[in-house]
Number of protein chains: 2
Amino acid sequence: MSNTLDVLLSHRSYRDYSDQAVSEADLDAIVAAAQRAPSSINAQHTSVVIVRDAVRRARIAEIAGGQPWIAKAPLFICVVMDFAKTNAALQLSGTTQVIHESLEGFAAGAVDAGIVLATMMVAARGLGLGTVPIGGIRRDSQAMIELLELPRLTFPLVGCSIGHFATEPTQKPRLPLDTFRHDEKWHGVPEVATIKAYDEELLRYWKSIGRADGLPWSQNTASPYSKVYYRDTKLVAARQGFVVDK
Amino acid sequence: MSNTLDVLLSHRSYRDYSDQAVSEADLDAIVAAAQRAPSSINAQHTSVVIVRDAVRRARIAEIAGGQPWIAKAPLFICVVMDFAKTNAALQLSGTTQVIHESLEGFAAGAVDAGIVLATMMVAARGLGLGTVPIGGIRRDSQAMIELLELPRLTFPLVGCSIGHFATEPTQKPRLPLDTFRHDEKWHGVPEVATIKAYDEELLRYWKSIGRADGLPWSQNTASPYSKVYYRDTKLVAARQGFVVDK
């Protein structure tokens, strides 16, 4: 089977899938691995919703702003921050849950959602499948909530498509490692020259794979981050009970 | 080397470490794997701070509420949500970053921090090392910020200790899989009987490993979640620029 480090170092996003279904055995292994991943204070405040139905996947592709690979890949898994589960524990204990009204609770839930997502993606690639992470479900989180019939105290944070890939994509370059790695203490943000060099490297990469619309990193980041690009997150989260005013 | 699925399915927290150092080659591989992990819109808004220094690790053990394994393991890696990095890109583009003032930005950053954490832990275990995740740095995030000299627009969300383990821990039972897995749509929170059965299973587990202070799941969750257990997260995040009012 697959070597762990090779799987991690070869990460790339797969967007071209064959029609071959993901076997129940592979899906079971992916979900089991995700549930076994670490969870803050063993609270287990995450859940996954597995979507195989093609009509529903087409709807998610639309919700995510038009991402055809979600409709094409046979499997979409949504990672849900789930404080409804812990709330059931608190009700049994005769106490009232407060954590979901705090940014601390949101932080713990979102970090754990990221852990679940990464674990599922690594498990899938370890099984020889392709996968692509989808944050775009937050573009219309209310629609996702309705589609998956998610209750109060839950929130669909992220997801991924999984399938047998038709073509193997290339690996996008990253910023130089020292913009990510700091030893003992912070050493500063990337220099202008570093960003410019990466911008050029990324443009050469886009050209090499024939992507005419590919942007340099600084522009690609500036466009969504100069505003709140998925603007309903706070509103819909509050509607679900995550008021984060504490 | 290690099989990926075996690594994931055998996850457990290691808290007993030998004095053997983690090699530079292993550390480099762990950090490289983490940087290669998926990042929302390729923004790469995470960084890691590697702490080897024993005095600093002892301080982190204290910050985290007294967790001796942080001082014992030769390596601690802090995962930082890093919108200072993206801010440098926006400055170069002549635009003003807004995303860090929104819950959407916090969600994207915290999910990516979870992805980085999971990737580092999986990489470490793939190399035969032990690791334990540490959310307890948020118990006093201001102290972490000062220790690591983190600038505005960054926040230390989570971390992990890594080292060669002295003893191999057992694996803690999880809630039944169907409390985590939902197919096509939500199927409800765990039944009271399910929670009670898990509470009893966990008590048997604590007894089997000689932990007299081990609590059933519902009580262990109720105690921290009936309040905001790391109560400074919102305040310190706001001080760092993450006001999340959008």
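Start by selecting strand β1 (residues 46-51) of chain A and strand β5 (residues 181-183) of chain B: the two run parallel and are joined by three bridges. Strands here are DSSP runs of E with at least two residues, helices are runs of H or I with at least four, and both are numbered from the N terminus. Two strands count as paired if DSSP finds at least two bridges between them. Zoom in on V49(A), and you'll find H182(B) of β5(B) opposite.

A word on what you're looking at. This is a predicted model, in which local features need pLDDT of at least 70 and side-chain atom pairs count only at pLDDT 80 or more, while totals for chains, interfaces and linings use all residues. Residues are numbered from 1 along each chain as its sequence is written, and chains are lettered from A and ligands numbered from 1 in the order in which they are written. Colour chain A by pLDDT (the predictor's confidence in each residue, from 0 to 100): the average is 97, and 100% of the residues score at least 70. For the complex, the predictor gives an ipTM of 0.98 and a pTM of 0.98.

Next, pick β5(A) and strand β1 (residues 46-51) of chain B, which also run parallel with three bridges between them. H182(A) sits opposite V49(B) in β1(B).

Now widen the selection to the open, mixed sheet of five strands, in the order β5(A)-β1(B)-β2(B)-β4(B)-β3(B). Which strands stand at the edges? They are β5 (181-183) of chain A and β3 (130-134) of chain B, each with a single partner strand, so one side of each has no neighbour in the sheet. From one strand to the next, the twist averages 25°.

Axes are lines fitted to C-alpha atoms, for helices over the stretch in contact, and angles run from 0 to 180 degrees between N-to-C directions.
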